[in-house]
Amino acid sequence: MKKTRNVLVDADACPNQIKKAILEISNFYEYKVFFIASYSHATDQHQNADWIMVDAEPESVDMYIVNHSIEGNVVITQDHGLASLLVSKGVNVISPRGKRFTEEEMPSLLQSRYYSSKLRRSGHRTKGPPRFTEEDARRFSQNFEKIFSQD
């Protein structure tokens with residue numbers, strides 16, 4: 001994998017609509033795209049991108065991304081734990097819904113994640129994310145492109 005100008009995508013839960021936007025915008029700015037997925041989540045593989053398949057063990061995709069991303073890379077994930085590891089390395093992290101993660105917000109996001117997990121383990125139900133919308137897709141494209149235009 002090239003050392004610079006890479007986009008790494010946590011592809012296991014990334015909507016196809018967002019995968020297409022990632023390819024279009026990344027290609028325009030001449031960034032190489034790597035979709036990382038576990039064997040248990042194999043999906044349609046888009047052209048113009050490298051697909052890296054990892055073990056189906058929990059956190060395999062996350063560990064691959066952490067170990068292969070460097071400052072200046074862009075990562076797409078909705079995993080707050082993964083995002084917290086990456087922003088501290090100087091990686092630009094954005095969710096498929098267009099939320100850009102910052103190092104300053106990580107403590108509160110991780111605390112919220114911990115409390116939700118604790119509630120679920122004790123038998124309480126917690127709400128999942130709202131349904132993915134066209135507005136989410138637009139927000140993603142706008143914020144994703146802003147990352148490149150700031151370089």
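Student: Why are α2 and α3 called roughly parallel to each other?

Tutor: The axes of helices α2 and α3 are 10 Å apart, and the helices pack at an angle of about 10 degrees. Angles under 35 degrees count as roughly parallel, over 145 as roughly antiparallel, 65 to 115 as roughly perpendicular and the rest as oblique. At about 10 degrees, α2 and α3 are therefore roughly parallel. The axes are lines fitted to C-alpha atoms, for helices over the stretch in contact, with angles from 0 to 180 degrees between N-to-C directions.

Tutor: The model is predicted: local features need pLDDT of at least 70 and side-chain atom pairs pLDDT 80 or more, while totals for chains, interfaces and linings use all residues. Residues are numbered from 1 along each chain as its sequence is written, and side-chain values use heavy atoms, without hydrogens and water.

Student: Which residues make the contact between α2 and α3?

Tutor: On α2 they are Asp62, Ile65 and Val66, and on α3 they are Leu82, Leu85 and Leu86. Contact means heavy atoms within 4.5 Å.

Student: Which residues of α2 are buried?

Tutor: Helix α2 covers residues 60–68, and its buried residues are Ser60, Val61, Asp62, Tyr64, Ile65 and Val66. Buried means under 20% relative accessible area, exposed over 50%, and partly exposed in between (1.4 Å probe, protein chains only). The cover over these residues includes β1 (6–10), β2 (32–38), β3 (50–54), β4 (74–76) and α3 (80–87). Helix α2 lies across β1, β2, β3 and β4, and runs at about 165 degrees to β1.

Student: How do the strands form a sheet, and in which order?

Tutor: Five strands form an open sheet with parallel pairing, in the order β3-β2-β1-β4-β5. Two strands pair if DSSP finds at least two bridges between them. The edge strands are β3 and β5 (92–94), as each pairs on one side only. From one strand to the next, the twist averages 20 degrees.

Student: How do you know that β1 and β2 pair?

Tutor: Five bridges join β1 and β2, in the parallel sense, and at least two are needed, so they count as paired. Opposite asparagine 6 stands lysine 32 in β2, and opposite valine 9 stands phenylalanine 35, also in β2. Between β1 and β2 the chain passes through helix α1 (residues 16–28), and this β-α-β crossover is right-handed. A crossover has that hand if, with the strands pointing away from the viewer, the path from the first strand over the helix to the second runs clockwise. Strand β1 also pairs with β4, in the parallel sense over three bridges, and valine 7 stands opposite valine 74 in β4.

Student: What makes β1 mostly covered?

Tutor: Five of its five residues are buried. Asn6, Leu8 and Asp10 are on one side of β1, Val7 and Val9 on the other.

Student: Why does valine 33 count as buried?

Tutor: Its relative accessible area is 1%, so valine 33 falls in the buried class. This residue of strand β2 touches Val7, Val9, Ile22, Leu23, Ser26, Ala49 and Asp50, leaving out residues up to four places away in sequence.

Student: Why are isoleucine 52 and serine 95 called buried?

Tutor: Isoleucine 52, in strand β3, has 17% relative accessibility and therefore counts as buried. Serine 95 lies in the loop between β5 and α4 (106–121); at 7% relative accessibility, serine 95 is buried. Apart from neighbours within four places in sequence, serine 95 is in contact with Ile76, Thr77, Gln78, Phe101 and Phe140.

Student: Why are α1 and α5 called roughly parallel to each other?

Tutor: The axes of α1 and helix α5 (residues 134–149) come within 10 Å and cross at roughly 25 degrees, so the pair counts as roughly parallel. Among the residues in contact are Gln17 and Ile18 of α1 and Phe140 and Phe144 of α5.

Methods: Helix = DSSP H or I, 4+ residues; strand = E, 2+ residues; numbered from the N terminus.
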